[in-house]
Amino acid sequence: WAAGLADPERSAEFLRREMRAPVRFDGESQRGLKKEKDVRISNIMAAKGVADAIRTSLGPRGMDKMIQKSDGEVLITNDGATILTQMNVAHPTAKMLVELSKSQDIEAGDGTTSVCVIAGSLLDACHQLLVKGLHPTSIAEAFVLAANTCDSILQSCAQPITLSERDRLVDAVRTCLSSKVISQNSETLAPLAVDAVLSVIDTTFATTVDLEAIKIVKQVGGTVDDTELVDGIVFAQGAKKAAGGPTRVENAKVGLIQFCLSAPKTDMENNVVVSDYAAMDRLLREERKHVLGLCKKIKKCGITVLLIQKSILRDAYNDLSLHFLAKSPCHRVLLRETSFTQNSTIGWALWLLLILSATIYRIFLKLSTFFLLPM
């Protein structure tokens, strides 16, 4: 070997012979390489399985999927994100495709099926390249170059659009709805969707929209063509108008409270035992006094529409509170129960502060006469 290095011709012959010699691995190396290959193939097959499952729902002629949830509810849809969300996938690579579809739905709102199908096709092409002997690093570097090239091509082909061009926005939404179940109603729903988004953002500098600011209220009966856009808040159930309460209030003064207009209750482990009629009368008088005090404070504030958060421990209001609120003709109050999740939306839309108790509300009103509080 040393003599071969000293003579240049013999050294070159030695290197050629060494390069032609077969490479030998021990048993551990062979098992390691086989395991790596098996893991890659397993990941690719899992991703292809997910992509093939939703491939048939792609496009205007795609088929709808009927999914039965764990609670027995049946869901019919061809939206990729919805289908993948309802699927119980256990493989890590399959879960990555599910997250990919969710990200596409959040960022663009459309193309949830296309991204999974394209990802599955690209991984299929990777499998063919791996079979031919290409190194995974080389394939990954090629994908980065291809992504940059695709980005530049799409930027050159794209047509800029602004939020002030309503007609073009409606056309884009109508195209998105062409592959959905409600494609035949796209002429009605597309303008409503565009107007709803434009009403909750500032078109001068907005780049994204908070979809939580747009609520969809479903009602039984009617058709899709009866759908309308309401610039305000719509509750699924009507308001309480018993005891002579109003059905319509104009120029309303709205109050959003978290305390209940009913008598307080004890804890679940405690009981109140009434032994005689005098104690029962005293208990009823205290209940009446408590409810009357709350109603008087609300009337002094001039509230005409009262929104009360529901409680699982006690009633939000009772017949006694409805009687006191409707007793004065000039202070008729329209009552409506709300949930904890609705309070943030109601407060944001109506510029309201959630009041925890009647005492805090009175203090806030006194302070607001001297200071202008920012909402």
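In which helix does Thr112 lie? Thr112 lies in helix H6, where helices (H or I, at least four residues) and strands (E, at least two) are DSSP runs numbered from the N terminus.

The views below show a predicted model, in which local features need pLDDT of at least 70 and side-chain atom pairs count only at pLDDT 80 or more, while totals for chains, interfaces and linings use all residues. Residues are numbered from 1 along each chain as its sequence is written, and side-chain values use heavy atoms, with hydrogens and water left out.

**View 1. Overview of the protein chain.** The protein chain has 13 helices and five strands. Of its 375 residues, 23% are buried, a class that means under 20% relative accessible area, with exposed meaning over 50% and partly exposed the range in between (1.4 Å probe, protein chains only). The protein chain exposes about 26,300 Å², and carbon and sulfur atoms supply 58% of that area; accessible areas come from the Shrake-Rupley method with a 1.4 Å probe, and for residues only the protein chains shown count as cover. Among contacts in the protein chain with a separation of 6 or more, 66% are accounted for by residues 24 or more positions apart, a contact being heavy atoms within 4.5 Å.

**View 2. The crossing of helices H5 and H6.** The axes of H5 (residues 92-107) and H6 (residues 112-131) come within 8 Å and cross at roughly 140°; axes are lines fitted to C-alpha atoms, for helices over the stretch in contact, and angles run from 0 to 180 degrees between N-to-C directions. On the H5 side the contact is made by Leu97, Leu100, Ser101, Gln104 and Asp105, and on the H6 side by Thr112, Val115, Cys116 and Ala119. By class, this contact of H5 with H6 has five nonpolar, three polar and one charged residues, where Ala, Val, Leu, Ile, Met, Phe, Trp, Tyr, Cys and Pro count as nonpolar, Asp, Glu, Lys and Arg as charged, and the others, Gly among them, as polar.

View 3. Leu100, in helix H5, is partly exposed because its relative accessible area is 35%. Leaving aside neighbours within four places in sequence, Leu100 is in contact with Val115 and Ala119, and its C-alpha atom is separated by 7.4 Å from that of Cys116, 16 residues apart along the chain. Thr112, by contrast, is buried, because its relative accessible area is 3%. Not counting residues up to four places away in sequence, Thr112 touches Asp79, Gly80, Ala81, Ser101, Gln104 and Asp105.

**View 4. Cys126 in helix H6.** The place of Cys126 is also in H6, and this residue counts as buried because its relative accessibility is 9%. Cys126 touches Ile139 and Phe143, not counting residues up to four places away in sequence. The C-alpha atoms of Cys126 and Ile41 are separated by 9.9 Å, although the two residues are 85 residues apart along the chain.

**View 5. Ala206 in the loop between H9 and S3.** Ala206 lies in the loop that runs between helix H9 (186-198) and strand S3, and it is partly exposed because its relative accessible area is 24%. Leaving aside neighbours within four places in sequence, Ala206 is in contact with Leu163 and Ile201. Ala206 and Leu163 are 43 residues apart along the chain, and their C-alpha atoms are separated by 8.8 Å.

View 6. Lys265, in the loop between strand S3 (254-257) and H10, is exposed because its relative accessible area is 55%; its C-alpha atom is separated by 9.7 Å from that of Asp315, 50 residues apart along the chain. The 24 residues of H10 (residues 277-300) should span 34 Å at 1.5 Å a residue, which agrees with the 34 Å between its end C-alpha atoms, because the expected span is 1.5 Å times one less than the number of residues. The buried residues of H10 are Ala279, Val291, Leu294, Cys295, Ile298 and Lys299. H10 is followed by Gly302, whose phi is positive, near 75°.
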